[in-house]
Each structure stands twice: as C-alpha cells, then as structure tokens.
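Subject: Structure handover

Hi,

Here is the structure I promised to pass on. My notes on what turned up follow below it.

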Amino acid sequence: MPSDIDIAQRATLKHITDIAAQLGLSDESVIPYGRYKAKIDLDANPQLQAHPDGKLILVTAISPTPAGEGKTTTTVGLGDALQRLGKRAVICLREPSMGPVFGMKGGAAGGGYAQVVPMEDINLHFTGDFAAIALAHNLLAAMIDNHIHHGNALQIDPRQVTWKRVMDMNDRALRQVVIGLGGKVNGQPREDGFDIVVASEVMAVFCLADSLHDLRERLGKIVIGYNFAGHPVTARDLKAHGAMSVLLKDAIKPNLVQTLEHTPALLHGGPFANIAHGCNSVIATRTALKLGEIVITEAGFGADLGAEKFIDIKCRKAGLKPDACVIVATIRALKYHGGQEISALSQENLEALALGVANLEKHLENVTQQYGLPAVVALNRFDHDTAAELALLTERLAGHGVEVVLAEHWAKGGAGAEKLAKSVLRLVESAQAQMQYVYSDADSLWEKLGKVARNIYGAVEVHAPRRVRAVIDKLQADGYGHYPVCIAKTQYSFSTDASQRGLPHEHILTVRAVRLCAGAEFVVMICDDIMTMPGLPKEPCATRIDIDDEGRVTGLY
C-alpha cells in the first residue's frame, strides 16, 4: 500500500470555496490561504448563530500503545462514512505541532485513505496559527524582562517568574537556560526555559475562548509570576494582553480543509493533552455544530485523559454536550496491554488479549457510567487479527451492552467505516445521552483531584507532599477553587507509571507540582515527569523528510 504522503499527493482536491459551499458558506465568509485551505470569517456570516446545532460525536480511545490505535484516522474515516450515507458531516481536529512531526511521531493528519488534506501544509506551517501563538506568548515574556530591566515598578521577583518562552520544535537543550548574560544592557540574569508551543497557556486560552473579546480578557488574567510580597502578577498588570490579542486576531478564525473524500474539516488549535486539555478550539467546534448535521471530534490520548478533560473542562466551559462516543481499539494494542511484547503482536495470543481487554472495559465504564454517554467500540482491523481473537473480544464486551464494529477505513476510506457510521447513527437516534461531569464546581480542588483519581484512574489513594498540598490549599483560599483540575500524567497507563499496562490495581496518584492557569481557568496537577519541551529521538523523523527538484515533499509520514 502507498505511504500516507503518497496517497495524499495523488488525491484530487476540490477548491476550498467549493468545500465551503457544501456547508452553505458564502465567498465573503471564506478567507482562502491558497487553493485548498482557508479561514472562516464568522463576522461575515452573523446569521450562522441562528442555525440549530447538529449532533456531536466524541472519538476517544483505549490507553495509547506503541502499536498505535488510529484515533484520528477513525475520526476522519467516520466523517467520510457519514457523508457517504447522506449526512452533512463536519470533522473537528487539532492542528499538528511541528515538534512531533520532525521528532518521533511524524505527521498527524490521519492515515491511509482516511486523511485530511493538504497533508504537507497541515503538518507544517498551515495557516500560521502556531506561529502567532508563539509570538503572543514570547511578546509577554519579552515584556516581563523589559519591565524588570526598566525599574521593575511592579516589583516582580525574578526568582518567581513562571512564564517561560516557547517554540514549535523539540529542543531539549532549551528546557533550562540562563538569560540576561552579557552585562547590564542585556537585562537581569535569571533562570528561564522553553516549552513547546502546544504547552503554552496561550494555546489553552486560544482553544477555550469563545470570541475575540473573551480571548483578550483571558489573556489579561494570565499569571506570569509573583512579586516580592508573594502576590500574583498578570499580563494585564504589564498591559500586554491587548498587543497579544492583536497578534491572534486572524489566528482565532477557524481553519477549513477537506478529507480525501471532500468532507469538510475544521482544524484549529492544539493544546497538549497532558499539561492542558487536548482538544481543538471551542470556536471551531461551535462553528461546526452550526454548519453540519453531525460533527465528529476527538480528544487527546485515551478516555481517562482526553475524554475526561473534554467533558470536565471544554464542555463545562463551553456548554457542549456530546450525543455519543466512539472508543477506538485494536486487537494488537489490547494484546500489548495484556503483556505481549510489541515484536510478537502479529501472533495470536488469547491469554494476553483476555488480560488486555480490561483496559478497554475500564475506558468503556468511564464513558458510559462516569460521563453518561452512549458508546460504540470501533475496532481498527489488521490482517493478522484472528477469528478466535475477534470472537473473544466480542464475547467479553457483549455483557456491557455495546456494539463492537470492525473498521477498515485506513485501507478502504469512508466505505470501510460505513458500519461504524450506521452504528453511531443508531446510537444518536435511539440512546439518550445524559452527560455528567466527574465533579462539581463546588467541590474543592483536592476533592476534584480525588474524584478523577479514584473514579476515572482507579487509584486507591491520592498523595501530595506537604509543600504541594500547601500550594493547592493556597489556590483554594485565593479564590481559584471553582476551577476545573487538569491532571498531567502519563498517557500510557491509568496509573502514573507508564510501564503498568492494562488495568493497574492498588495504585496511588501522587501530585508533585501544581501550576495555575488563570487565563485558561484551570489548575494543572502534575503527577509525573511530563515533558513540556520534548527532545528529538536518536533518529528523528526529520532525517527522512526531504524535497525533490519539483518541490514535492517526501518522507513526511
């Protein structure tokens, strides 16, 4: 089978104005960035808000494995299948970060015959949103040090500046740096560091804001550090939020592209699913719901991280309610969770599969009982999946009252996901979603942490060192207790130990640090060594990426 990039480059794309027309958008509503991508100018289509909302489908997955599950590919394939069935479908995804593209993961625009295109543009600079977010973030960083240099009227304590700099590339050498060296004219020396752009609070704010006005207000609330008296200093105190908003005035418009089968797709924003909430922008999701009959979106990583944050942060803030959920799994990944080594995953192993299914069952329990959403399991099929393995999985899940649907969209495009699409439509038409949050706004930060840890992760206890618990208590006392919690931990396990596959028992959640994101309006509870500036592997994807004399990109995925 051809590579993903070969498939994408051979595709015949429609002009982006034709894709917009499928959604009823006028030419005045579309700002083309070339032939095949555009931004939607919502101000040019004010009547859009009067449209009824479509149905919202959330795609999530089991705990990720090196074997791969294909969540984005499923989101795209499902959208194409729904369009084939005559539905006006719209797909909502995050924009890829160039760090992983050139690092270990590679591209993130789907795969096989279920992709969003133009694949090269989407995976690289796209429409410049991430560059604008990086500039807005770094403008604030520059204004902090400039303020300190010119007298420090706000009495900012350089030892307590929490606002780092960012770039959209993996570079471990920049995680911890010292700035201001070279004499008095270069500012005051202090410790600093870099995060990747998707870890920036500006990215989280960007994706949770519902308007340009809301964006500006949230940016102003960002806490950049503390003064010598221990009081927080904000971007508004530095009078930086207005200029930051100016840099984001075009980026905040949702991006419109298409799939290989010309299904409209909105790709907008892309916060880390560990350190932030891991969902595309609220503006894009709301726009899609006004434009389509049925909207398919995804949340980062498995249903314990991405789906929980989608519900407890994004839906809570934006008033969204999914109508159904798709949980993506593979036989390969479940055998890995059951202890089988990755080199042997193509071999039948019913014992490992039986053990690994517990991971899927816990995610299914979370979705249906904790979040209150009707669900279907999408099983991405591989050629070496055996009849015995498929029968075992179907039998195990029969008692849960959910349908298991074999999906083949990677090889067959939308046609390979029609069974899944029909199952989703049956859920939407027959089941009544009763979405519920894992915790209430009135719960304390510590109570919220405990409810997620015990109910979603299956932890038996929650621990925090005395200094960390003191920070949590202070945030509670300072009036941030009504914020949601955003738990940063490994995506590979329900526990905080990535090596514990399947369904770990008797594990303890330990919080080692706390980070206030006052602009995004959540409190990050950091439970292990989450890298906010990843490093490149020994042989990064960048070594395989090239361009020929005709300008054709190769090796991107």
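Cys486 is buried, with a relative accessible area of 0%. Cys541 is buried too, at 5%. Please keep in mind that this is a predicted model.

Cysteines
The structure holds 0 disulfides. Cys486 takes part in none: the nearest cysteine sulfur belongs to Cys517 and is 7.4 Å away.

Nonpolar cores
The largest nonpolar core has 130 residues. Leu140, Leu248 and Phe522 have the most contacts inside it. Helix α6 gives the most to this core, with 9 residues. What does Leu140 touch, leaving out residues up to four places away in sequence? The list is Trp163, Ile222, Ile224, Ala235, Leu238, Ala240 and Met244. There is also a second, separate core of 44 residues. Ile91, Ala114, Leu267 and Ile294 are among them.

Second largest pocket
Its volume is about 1,300 Å³. The lining counts 45 residues. Nearest the centre of the pocket lie Val161, Thr162, Lys164, Val514 and Arg515. Several elements give two or more residues to the lining. The strands are β7 (156-161), β10 (190-192), β11 (194-196), β12 (223-227), β23 (513-517) and β24 (522-526). The helices are α7 (201-208) and α18 (466-480). By type, the lining divides into 24 nonpolar, 8 polar and 13 charged residues.

Backbone points to check
- Val117 and Pro118 are joined by a cis peptide bond, with omega at about 5 degrees. Pro118 sits in the loop between β6 (114-117) and α5 (119-123).
- Gln155 has a positive phi, near 55 degrees, and is not a glycine. Its place is the loop between α6 (129-149) and β7. Gln155 is partly exposed, with a relative accessible area of 42%.
- His262 also has a positive phi without being a glycine; the value is near 70 degrees. His262 lies in the loop between β14 (255-259) and β15 (264-267).

Best wishes

Note on methods:
Residues are numbered from 1 along each chain as its sequence is written. This is a predicted model: local features need pLDDT of at least 70, side-chain atom pairs count only at pLDDT 80 or more; totals for chains, interfaces and linings use all residues. Side-chain values use heavy atoms; hydrogens and water are left out. On a 1 Å grid over the protein atoms alone, a cavity is a set of points where a 1.4 Å probe fits but cannot get out, and a pocket is an open set with protein on both sides within 12 Å along at least five of seven lines; lining residues have an atom within 4 Å of a point. Grid points are joined across faces, edges and corners, and a volume is the space filled by probe spheres set on the points. Helices (H or I, at least four residues) and strands (E, at least two) are DSSP runs, numbered from the N terminus. Ala, Val, Leu, Ile, Met, Phe, Trp, Tyr, Cys and Pro count as nonpolar, Asp, Glu, Lys and Arg as charged, and the others, Gly among them, as polar. A disulfide is a pair of cysteine sulfur atoms within 2.5 Å. Buried means under 20% relative accessible area, exposed over 50%, partly exposed in between (1.4 Å probe, protein chains only). A nonpolar core is a set of buried Ala, Val, Leu, Ile, Met, Phe, Trp, Tyr and Cys residues joined through side-chain atoms within 4.5 Å. Contact means heavy atoms within 4.5 Å.
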